[in-house]
Amino acid sequence: MNIPFLGDRAEKHRIHDAEGIAELLAECELLRSHAAREGIQLDDSASSLEALDQLVPRWRDDEETVSWLGNDAGLYLGTVIVRTVGGAAWEIRPDGQPVVRLDSGREFDVVASGHEWAASGVPELSQLYAEVAEE
């Protein structure tokens, strides 16, 4: 049975509100709270990424905190990129993973980078930002 309005309706649900998604991904509550306790204001700038790189990683003893903080760090890195690098935009993969895509088509899995940073400090968030901003 072909019910055309059901197809149209399903397609409408796929439309994404890019600004709304960007705001949601920028929340990063755990990271912002942790940074504030350390006297760092996360103002969505490249210099705030440098400040995060200087934090003493006291969280590495707690596996759950590493995971949550890594996720937030990646989303924050993506937020800084989207807000400061021309042509950068959030994209949600079919698997639900948020990534940053540049005009060139290059895609960055910033959440994976955030997890690496939280777990080992390498690569630094500011270094990743510099690499993306160079393109």
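Biologist: Which residue in β2 is the bridge partner of Ile92?
Modeller: Pro98 is the β2 partner of Ile92. Keep in mind that this is a predicted model.

Biologist: And what does Ala89 pair with in β2?
Modeller: Ala89 has Arg101 as its bridge partner. β1 and β2, the latter covering residues 98–101, are joined by four bridges in the antiparallel sense.

Biologist: What sits in the turn of that hairpin?
Modeller: Five residues lie between β1 and β2, and Gly96 in that hairpin has a positive phi near 90 degrees.

Biologist: Where does Arg101 bridge in β3?
Modeller: To Glu107. β2 and β3 run antiparallel and are joined by two bridges. Their hairpin has five residues between the strands, with Gly105 at a positive phi near 100 degrees.

Biologist: So what is the strand order in the sheet?
Modeller: The order is β1-β2-β3, in an open sheet of three strands with antiparallel pairing.

Biologist: At what angle do α5 and α7 pack?
Modeller: About 35 degrees, and the axes are 11 Å apart. Helix α7 is residues 125–134, and the crossing of α5 and α7 is right-handed.

Biologist: Which residues make the contact?
Modeller: From α5, Ala73, Leu77, Val80, Ile81 and Thr84; from α7, Leu125, Leu128, Tyr129 and Val132. By class, that contact has eight nonpolar residues, one polar and no charged ones.

Biologist: Different topic. How many aromatic pairs are there?
Modeller: The count is one. Trp59 and Trp117 form a tilted pair, 5.4 Å centre to centre with 35 degrees between the planes.

Biologist: Where in the chain are those two?
Modeller: Trp59 is in the loop between α4 (46–53) and α5, while Trp117 is in α6, residues 110–120. They are 58 residues apart, so the pair links distant parts of the chain.

Biologist: Last one. What is the average pLDDT of the chain?
Modeller: The average is 88, and 88% of the residues score at least 70. Over residues 1–15 the pLDDT is below 50, and that stretch has zero contacts in the model beyond near neighbours in sequence.

Note on methods
Residues numbered from 1 in each chain as written. Predicted model: local features only at pLDDT ≥ 70, side-chain atom pairs only at ≥ 80, totals over all residues. Heavy atoms only, no water. Pairing = 2+ DSSP bridges. Axes fitted to C-alpha atoms, helices over the stretch in contact; angles between N-to-C directions. Left-handed = near helix turned anticlockwise from the far one by under 90°. Contact = heavy atoms within 4.5 Å. Nonpolar A, V, L, I, M, F, W, Y, C, P; charged D, E, K, R; others polar. pLDDT = per-residue confidence, 0-100. Phe/Tyr/Trp six-rings, centres within 6.5 Å; stacked < 30°, edge-to-face > 60°.
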